Amino acid sequence: MLYGISAAATALLLTALLAAALRAPARRLRLVERRRQRDVPLSGGVAVVLVTGLVVGTGEWLGVAPPDDGTLGVLVAAGAVALLGLADDVWRLRRRVLVAGTGVAAACVVPYGETGVGTGLLAVVWVVAVVFGLRGLDHADGLAGTAGLVAAFGVAACAAVEVMDGVAGLMSVLAAALTGFLLHNWHPARVALGSCGSMSAGFVIAVGAVYARAGFGVVESAGVLFALTALAGADAVLVLGTRRLGGRGLLRSGPDHLAHRLRRLGLTAPGASLLLGAGALSGTVVGVLAHAGLIGAGALWWVAGGALVMVFALSRVPVYGPRRSVSQQVNAPLRVRNG
């Protein structure tokens, strides 16, 4: 208990300090993201990754950390995903490269002995989906950090129920690091996670959830895993679904995420993040209670139903402008100049 409290407090403080200290170097290296007409340094992700690894690794080295139940392997694989994400922040890698690299990292740490090969491969696919779901939430101030924080606490609780102290400790440290990051990422954001931070955090959360659910039934586990990460899943379903129906490229970016649509309805940036964070917390609480056996598995259907209702309702919010022909695009500047 004492180690957990001190480790979490250290992670929170160090992340807040390091994220601020790395802002200037990130700007000089052009490691920034254009957000609402301003450049936001991507130092937050680097700080979260470094501090999480440092705190957990130091605890292992000093012999005060909980017994290792796969956490070191997860950290190493997450470090590889973080490097892949950092390369994407710098050079904008192709999406297939990111998917392949994340899939390989996940395949190396999934506990096949407890899940079986078939279920283990499904877990790899789910880990990749969560990683890119959380990455997609990093477009809005405070949203990815809030979603990651809530999910990390949920997975920590599930791991604690299974007496997996190593996984629970890792999730607690990650949650604390994300809290320190949020001190700088709340609107108006001064730092962002970038692919480095969002992909590695999503990877640790997803793999930790797989560890906690290993050995349980596949169908119920799918419900619990979705509940723990419902916000990222709902956002991905909304974006991919509306782009598909709208005839747009699935990988083409646009203002069509959950937060964008809530802003269209009149919510402020902090208001949208708080509302979505509250929804994520509700789903996570249901997932933890279902995992612990305190409520029936049927409650997980309410989470899925609520997510689908939200996706359907917000899909009706118009976010795509009318497509313009080539001649309209060419003549548009002339019309502007002529008033």
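Student: What should I know before we start?

Tutor: This is a predicted model: local features need pLDDT of at least 70, side-chain atom pairs count only at pLDDT 80 or more, and totals for chains, interfaces and linings use all residues. Residues are numbered from 1 along each chain as its sequence is written, and side-chain values use heavy atoms, with hydrogens and water left out.

Student: Which residues touch the most other members of the largest nonpolar core?

Tutor: W126, V127, L137, L174, F203 and L231 do, in a core of 91 residues. A nonpolar core is a set of buried Ala, Val, Leu, Ile, Met, Phe, Trp, Tyr and Cys residues joined through side-chain atoms within 4.5 Å. Buried means under 20% relative accessible area, exposed over 50%, partly exposed in between (1.4 Å probe, protein chains only).

Student: Where does the largest share of this core come from?

Tutor: Helix α9, residues 165-185, gives 12 residues. Helices (H or I, at least four residues) and strands (E, at least two) are DSSP runs, numbered from the N terminus.

Student: And what does L174 touch?

Tutor: Skipping residues up to four places away in sequence, L174 touches V48, T52, A152, A201, V204 and I205. Contact means heavy atoms within 4.5 Å.

Student: New topic. How far does helix α3 reach?

Tutor: Its 20 residues, 43-62, reach 28 Å from first C-alpha to last. That is close to the 28 Å expected at 1.5 Å a residue. The expected span is 1.5 Å times one less than the number of residues.

Student: What do the buried residues of α3 pack against?

Tutor: Their partners are α1 (2-21), α2 (23-28), β2 (39-41), α4 (71-91), α9 and α10 (194-213). The buried residues of α3 include V48 and T52.

Student: What follows α3?

Tutor: G63 does, and its phi is positive, near 75°.

Student: Now charges. How many salt bridges does the structure hold?

Tutor: Seven. A salt bridge is a side-chain nitrogen of Lys or Arg within 4 Å of a carboxyl oxygen of Asp or Glu. R35 and E33 meet in one, at 2.5 Å, N to O. R35 is buried, with a relative accessible area of 3%, whereas E33 counts as partly exposed at 22%.

Student: Which residues are linked in a network of salt bridges?

Tutor: E33, R35, R38 and D141.

Student: What about D256?

Tutor: D256 forms a salt bridge with R243, the closest N and O atoms being 2.7 Å apart. D256 lies in the loop between α12 and α13 (258-264) and R243 in helix α12, so the pair ties together parts that are 13 residues apart in sequence. D256 counts as buried, at 1% relative accessibility.

Student: Which side chain of opposite charge is nearest to D235?

Tutor: R261, 7.3 Å away. D235 is buried yet has no salt bridge. For charge, Lys and Arg count as positive and Asp and Glu as negative, while His and the chain ends are not counted. D235 lies in helix α12, residues 230-245.
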